[in-house]
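Please look at the model shown here, and then read the short report that follows it.

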Amino acid sequence: MPDATPRPGDGGGQGRVPAGGPPGAAAAPATHRSVRLGVLLATVGGALDAYTFISRGGVFANAQTGNVVLLGIATAQQHWLEALDHVPPILAFVAGVLVAETLQRPRVVVVLRRPARAAIVLELLVLALVGLVPGDAPDAFVTVPIAFMASVQMSTFRTLVDTAYNSTMTTGNLRAAMQNLYQAVVDGDEDARRRSRQFASVVVAFTVGACGGGWLTLVWGERAVWAACAVLAAGLALFVHDERAARRPRRADG
């Protein structure tokens with residue numbers, strides 16, 4: 001089911017018709033629901049999974065399904081220490097969901113005002129610190145904070161324009177892209193065509209992030225996570241840009 005309920009705060013660009021647009025034109029989506037931000041966040045999601053899998057013993061940062069499966073396999077093989085390696089990121093992911101929900105509480109929103117932006121800032125700062133963790137440090141020093149922030153990202157940014165999506169995993173997005181493409185081709189549904197393009201953009205971004213994150217990890221090692229910080233900084237710039245654009249006086253046509 002679509003999750004198009006507006007999230008409090010961070011409404012940059014919401015309900016705004018681009019300058020020069022005709023009366024009755026579709027309003028631009030809020031920045032936190034825009035395809036532009038969704039593409040950036042999906043790039044980060046793919047990069048972080050590749051980063052932890054390569055540099056931290058095959059543990060996934062975002063895909064807790066993979067961690068649960070690997071936990072089950074290690075347990076079945078009685079590799080107890082290997083099984084335990086997958087527990088901390090799972091628990092951190094759970095904690096991240098709780099924090100993300102707390103950020104959306106009305107009393108917290110009154111203080112933060114822009115919870116979506118706060119979530120990106122928090123993720124950027126945490127990842128910047130993760131890049132300082134030496135390679136010989138215990139894996140949990142990296143996998144736990146990354147899993148936590150991946151959970152916050154996923155739980156905070158849940159809607160792509162008008163449809164539920166996931167910025168840290170790609171299975172559901174790939175299904176949605178193909179499902180909407182089918183409806184567009186078979187039924188001639190223009191809304192489905194639009195959604196198929198949007199989801200395809202997110203899937204491609206996740207793939208690019210995974211490839212780029214994997215390559216950078218092999219080249220730069222622990223510092224490769226800072227590339228994700230740069231992408232998150234671009235996401236913050238989107239909020240600022242859209243907010244300023246919304247404040248600009250519109251020029252009268254003609």
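In which helix is isoleucine 54 found? Isoleucine 54 is found in helix H1, where helices (H or I, at least four residues) and strands (E, at least two) are DSSP runs numbered from the N terminus.

This is a predicted model, in which local features need pLDDT of at least 70, side-chain atom pairs count only at pLDDT 80 or more, and totals for chains, interfaces and linings use all residues. Residues are numbered from 1 along each chain as its sequence is written, and side-chain values use heavy atoms, with hydrogens and water left out.

With a relative accessibility of 39%, isoleucine 54 counts as partly exposed, a class that lies between buried (under 20% relative accessible area) and exposed (over 50%), judged with a 1.4 Å probe and protein chains only. Helix H1 (35–55) and H9 each supply at least two residues of a nonpolar patch, and the largest share, four residues, comes from H9.

Helix H9 covers residues 190–220, and its 31 residues should span 45 Å at 1.5 Å a residue, which agrees with the 44 Å between its end C-alpha atoms; the expected span is 1.5 Å times one less than the number of residues. After H9 comes glycine 221, with a positive phi near 70°.
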